[in-house]
Amino acid sequence: MTHPVAAKGHPRKYPFVNMRIADHSVLDTIEGRHSCRHCNRSRKFFCYNCHIPVGELGRLLPRVELPLQIDIIKHKKEIDGKSTAVHAAVLAPDNVQIHTYPDIPDYRQEDGVVLIFPSATSLTVPQLFQRNVHLKIDDNYGLPKGHHMGTMLRRRMDEVVGESESEQSSKCYTYGNLPVRRAVFIDSTWNQSRSIYADERVRGLRTVVLQNRLSQFWRHQRGSPRWYLATIEAIHQFLLEMHVNAWGLNAAYRGLDNLEITEGFHQLAAPLTLAAPTGCVQRESPYNGQYDNLLFFFANMYDLIHKYYDHNDLISYRRPI
């Protein structure tokens, strides 16, 4: 998709260019508010309590099919109307559930569950697929002596390919045999997330850390660097990495060009990049934007914010990298 500001020659790179995001201008035509059919609360696009679209929007929204289940644990102090977590539940209702802490499932007895959270023992997505890669770790992640990365991560992490890695595993993956069946995300501030992580129901889960990607979120979280992603961005990034490692990357897909993902991701994706038809978006074909519509509401709000505010004036985009 293109962007009206970019088309006028604005020097800022539009992050979502060439992504397979449906035309969200329909959201700009909706006037007034509608009652949620479940709780009768007045809402604009969707009910962020019931996680469903309101009015006639339901039939106009794209519907996203995911290869695994996504659980989002929301801190009770997180403001529902400001969270991007609900975007995933509205756009992928068959695969996404939101739980408000402490009312969460007990994941200890379930196989194939991972927690997306940085810890000292975190794996990367390629490591889940048994690729020979490792995190480039030195000087205690750049932290002061005595600090632990699971409580105060402040440094970007680079993933490097091991010397002996050659070709991707020949295992044939399907939706039914991925190394992850359910991914759990914590939707809260960094300080709030630590108390959730300490809960015994999630503490024992394998943790996964994502490749660094600069956030396009317009809301500023004090003390957080640019690569602290909004929840919907983190979900998209995780699914992107899972898909590329399972089924490859379509060589014709250009939707990653302006997303500002670390070079390490592109290096790891290079041997998995495959020639495929430009319009092929079958679910187990090389990545060609299959999950980009998760950013449908996010991209619309990004456009609205940038209609009224200059990008370089927003504190969120001036955070350290």
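Analyst: Two strands are taken to pair if DSSP finds at least two bridges between them. The model under discussion is predicted.

User: How many bridges join β7 to strand β12, and in which sense do they run?
Analyst: Pairing requires at least two bridges. Strand β7 and strand β12 (residues 206-209) run parallel, and the number of bridges joining them is three.

User: Which residue in β11 stands opposite V113?
Analyst: Strand β7 also pairs with strand β11 (residues 182-187), in the parallel sense and over three bridges. Within β11, the residue opposite V113 is R182.

User: Which residues of strand β7 are buried on each side?
Analyst: Buried means under 20% relative accessible area. Strand β7 spans residues 113-116, and both of its faces are covered. One side carries V113 and L115, and the other carries V114 and I116.

User: How many helices and strands does the chain contain, and what percentage of its residues is buried?
Analyst: The chain has eight helices and 14 strands. Among contacts with a separation of 6 or more, 77% are between residues 24 or more positions apart. The accessible surface is about 15,700 Å², with 48% of it belonging to carbon and sulfur atoms. Of the 321 residues, the buried share is 53%.

User: Against which elements do the buried residues of α8 pack?
Analyst: Helix α8 covers residues 296-308, and its buried residues are F296, F297, F298, A299, N300, Y302, D303, I305 and H306. These buried residues pack against β3 (46-47), α2 (85-91) and α6 (231-247).

User: What is the geometry of the pair formed by the rings of F16 and Y302?
Analyst: A search of the whole structure finds 13 aromatic pairs. For F16 and Y302, the ring centres are 5.3 Å apart and the planes lie at 85°. Planes over 60 degrees apart count as edge-to-face. The pair is therefore edge-to-face.

User: How many residues apart are F16 and Y302, and where does each lie?
Analyst: F16 is in the loop between α1 (4-7) and β1 (34-35), while Y302 is in helix α8. F16 and Y302 are both buried. The pair links distant parts of the chain, with a separation of 286 residues.

User: Why does the pair of F46 and F297 tie together parts that are 251 residues apart in sequence?
Analyst: The rings of F46 and F297 have their centres 4.9 Å apart and their planes at 70°, so the pair is edge-to-face. Both residues are buried. The pair ties together parts 251 residues apart because F46 lies in strand β3 and F297 in helix α8.

User: Which residues form one aromatic cluster with F16 and Y302?
Analyst: F16 and Y302 are both buried. The cluster that contains F16 and Y302 also includes Y14 and F298.

User: Over which rings do the charged ends of R43 and R283 sit?
Analyst: The charged end of R43 is 4.0 Å from the centre of the ring of Y48. For R283 the distance to the ring centre is 4.1 Å, and that ring belongs to Y175.

User: Is H243 buried or exposed?
Analyst: H243 is found in helix α6. Beyond residues up to four places away in sequence, H243 touches G248, R283, S285, P286, Y287, Q290 and Y291. With a relative accessible area of 0%, H243 is buried.

User: Is S193 buried or exposed?
Analyst: S193 is found in helix α4 (residues 190-197). Leaving aside neighbours within four places in sequence, S193 is in contact with F117, I186 and S188. The relative accessible area of S193 is 4%, so S193 is buried.

User: What separates the C-alpha atoms of D80 and N49?
Analyst: D80 lies in the loop between β5 (69-74) and α2, and is partly exposed, with a relative accessible area of 22%. Leaving aside neighbours within four places in sequence, D80 is in contact with Y48, N49 and K74. D80 and N49 are 31 residues apart along the chain, and their C-alpha atoms are separated by 7.1 Å.

User: How many disulfides does the count come to?
Analyst: C172 is exposed, with a relative accessible area of 61%, whereas C280 is buried, at 17%. A disulfide requires a pair of cysteine sulfur atoms within 2.5 Å. By this rule the count of disulfides is zero.

How values were computed: Residues numbered from 1 in each chain as written. Predicted model: local features only at pLDDT ≥ 70, side-chain atom pairs only at ≥ 80, totals over all residues. Heavy atoms only, no water. Helix = DSSP H or I, 4+ residues; strand = E, 2+ residues; numbered from the N terminus. Buried < 20%, exposed > 50% of the residue type's maximum accessible area, 1.4 Å probe, protein only. Contact = heavy atoms within 4.5 Å. Areas by Shrake-Rupley, 256 points an atom, 1.4 Å probe, with all protein chains shown as cover. Phe/Tyr/Trp six-rings, centres within 6.5 Å; stacked < 30°, edge-to-face > 60°. Lys NZ or Arg CZ within 6 Å of the ring centre and 35° of its normal.
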